[in-house]
Amino acid sequence: MQEPPLLWLDDMSVRFELGRSRGSGPVHAVTDARVRLSPGQVLALVGESGCGKSVLASALLGLLPSNAWIRGRAWLHPGTDEEVELLSSSEHVLARRVRGRRIGLVPQSAATHLTPVRTARDQLAETFRELRGRVDHGSVDELAGRVGLAPADLAHYPHELSGGMAQRVAVASALVADPSVVIADEPTTGLDRPLVDRVTDLLGELADRNRGVLLITHDLAAAKRVATHVAVMYASRVVESGPAEEVFHRPWHPYTKGLLEAMPEAGFQPVPGHPPALTELAELEREWGCVFCLRCPDTPGVAPCNGDPALVEYGSRSVAAHPPC
Amino acid sequence: MLRAREVVAGYDRGRAVLDRVDVVVPPGAVRGLAGPSGCGKSTLARVLALLQRPWSGTVELDGRPVRGARYSVPAELRTAVGIVFQQPRPAVDPRMTLRQVVSEPLRARGIRRPWRRVGELAELTGLNDELLDRMPHEVSDGQLQRACLARAVAPRPRYLICDEMTGMLDASTTAALVRVVGELVNEEGTGVLAISHDEPLLLAWAGDDVIRW
């Protein structure tokens, strides 16, 4: 039997209202996202920059700016005594019960998230005090050791740390309260391949300890290395999701295929055209159905495309508009 | 060719990042440079793009040694080498439209209506009219990096340094930009130094011609 999910997103949408003078509609950042994250999974959310990946993560943590409006539901630990609906929770609940405690966040470009005038140890100790109420340096060292940092490394200031070390400090901070869900937002950008491998392996170890990891990345190689499941996002929508091996081995959606064929070792062929502006998606969907139609090799509404942008389940996998033949 | 000869360069006194480095960028070809972060790749990029003066050694442009860096270098030499950085956002003025970003080096050279060339560059890099009229905050990293590439090649540099140009980009945009650079190499004979820590990328981009640091 499958374990109950840690995180359950149901038809979550995020819109940003722009200034009235712009004369354009709202930005469709996330549309009808349905995501399940279970213990032991690393779910890679992949897609090109600007497709809504990071907005999805920020929405779960209540970190969106005030011009955003959110629809849908996102449950943390659904069906248990600890169930929290994240999107309707007050800032107080999110700050005191969720952020850092039950969902850890590893931010993009970790070095800029560390306070420049304090050492790594000082910052980790502060996180311990805040989240666990007390700090003993034995546990700081132990946690640092888990992410591959020596106690001596912690004496450094952020500018003295390499990108990879700063990233590991950020991972350690996210793990202080031993959260059951870790969201890593582009944790490998700017790192070289051996460091990417170490950071992704760290995330994999978390999943092995029955945590759930949501890995947001545009780096398909990193996703392939560590993900157990994958969700491909395009122009605000999840267009395909399922077990990583199956999706990477036999993609159904033409965008997933396009991304995989663009990898250097797999042909290096770009997907033609550009992603649509996020303000024009509603119009695009009215006209064509699927938002990928402008770049798609298939004719809209003619098999294999059924022109329906909604994600439909087929066994363990889901896909939009392009059902498996 | 563009050549760094016996170059020693760095930032803090007494701590050279590059120690007697020799690198040659041949015209009409892509040469890759791979290495871990912190090994001096970007410093070499800055030296070759004439943005940073080496402590000793020289940069040679088609056999001619170039003295100085930045504005102390005559404009016709300075525009012979273009550079694209990893992060497009800090590399553009946030108050300019992409059209202004792309046309800036042309206007700086006294071309008052460079719009035909801007049109060519837009077509080359896959930008369209509607994108050219947007501000940097209204486009994605990938679209902005296309504009940075268009700006770098606007004055038809003989050499182009791509310093982790695709580091922030998804696989499809990466492949698209690499293809654009390939067209420049084939059609204009541009010599390219592609710098990255991503070896699979460089092997696909530069073939076997990859220097490993």
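This is a predicted model: local features need pLDDT of at least 70, side-chain atom pairs count only at pLDDT 80 or more; totals for chains, interfaces and linings use all residues.
The account begins with the two chains. Chain A places 23 residues in contact with 25 residues of chain B. On the side of chain A that touches chain B, the residues comprise nine nonpolar, 10 polar and four charged.

Within chain B, attention turns to helix packing. Two packed helices are described by the angle between their axes and by the distance between those axes. Helix H3 of chain B, residues 98-108, packs on helix H4 of chain B, residues 115-125, at an angle of about 120°, and the two axes are 10 Å apart. H3(B) and H4(B) are therefore oblique to each other, and their crossing is right-handed. From H3(B), the contact draws on Arg99(B), Val102(B), Ser103(B) and Leu106(B), while H4(B) supplies Arg117(B), Val118(B) and Leu121(B). Sorted by class, the contact of H3(B) with H4(B) has four nonpolar residues, one polar residue and two charged residues.

H4(B) also packs against helix H6 of chain B, which spans residues 141-153; the axes of H4(B) and H6(B) come within 9 Å and cross at roughly 130°. H4(B) and H6(B) are therefore oblique to each other, and this crossing is right-handed. On the H4(B) side, Leu121(B), Ala122(B), Leu124(B) and Thr125(B) take part, and they meet Arg146(B), Leu149(B), Ala150(B) and Val153(B) of H6(B). The contact of H4(B) with H6(B) has six nonpolar, one polar and one charged residues. Leu121(B) is listed in the contact of H4(B) with H3(B) and also in the contact of H4(B) with H6(B).

Helix H8 of chain B, residues 199-206, may be considered through its buried residues, which are Leu201(B), Leu202(B), Trp205(B) and Ala206(B). Viewed down the axis of H8(B), these buried residues fall within an arc of 100°, so they line one face of the helix. In an α-helix there are 3.6 residues a turn, so residues three or four places apart point the same way. The partners against which the buried residues of H8(B) pack are strand S3 (30-34), helix H7 (171-188), strand S8 (191-196) and strand S9 (210-212), which belong to chain B. Beyond the end of H8(B) comes Gly207(B), which has a positive phi, near 65°.

Technical notes
Residues are numbered from 1 along each chain as its sequence is written. Chains are lettered from A and ligands numbered from 1 in the order in which they are written. A residue is buried if 20 or more other C-beta atoms lie within 10 Å of its own, exposed if 12 or fewer, and partly exposed in between; C-beta atoms are placed from the backbone. Helices (H or I, at least four residues) and strands (E, at least two) are DSSP runs, numbered from the N terminus. The arc is that of the directions from the helix axis to the C-beta atoms. Two residues are in contact if their C-beta atoms, placed from the backbone, lie within 7 Å. Axes are lines fitted to C-alpha atoms, for helices over the stretch in contact, and angles run from 0 to 180 degrees between N-to-C directions. Angles under 35 degrees count as roughly parallel, over 145 as roughly antiparallel, 65 to 115 as roughly perpendicular and the rest as oblique. A crossing is left-handed if the near helix is turned anticlockwise from the far one by less than a right angle, and right-handed if clockwise. Ala, Val, Leu, Ile, Met, Phe, Trp, Tyr, Cys and Pro count as nonpolar, Asp, Glu, Lys and Arg as charged, and the others, Gly among them, as polar.
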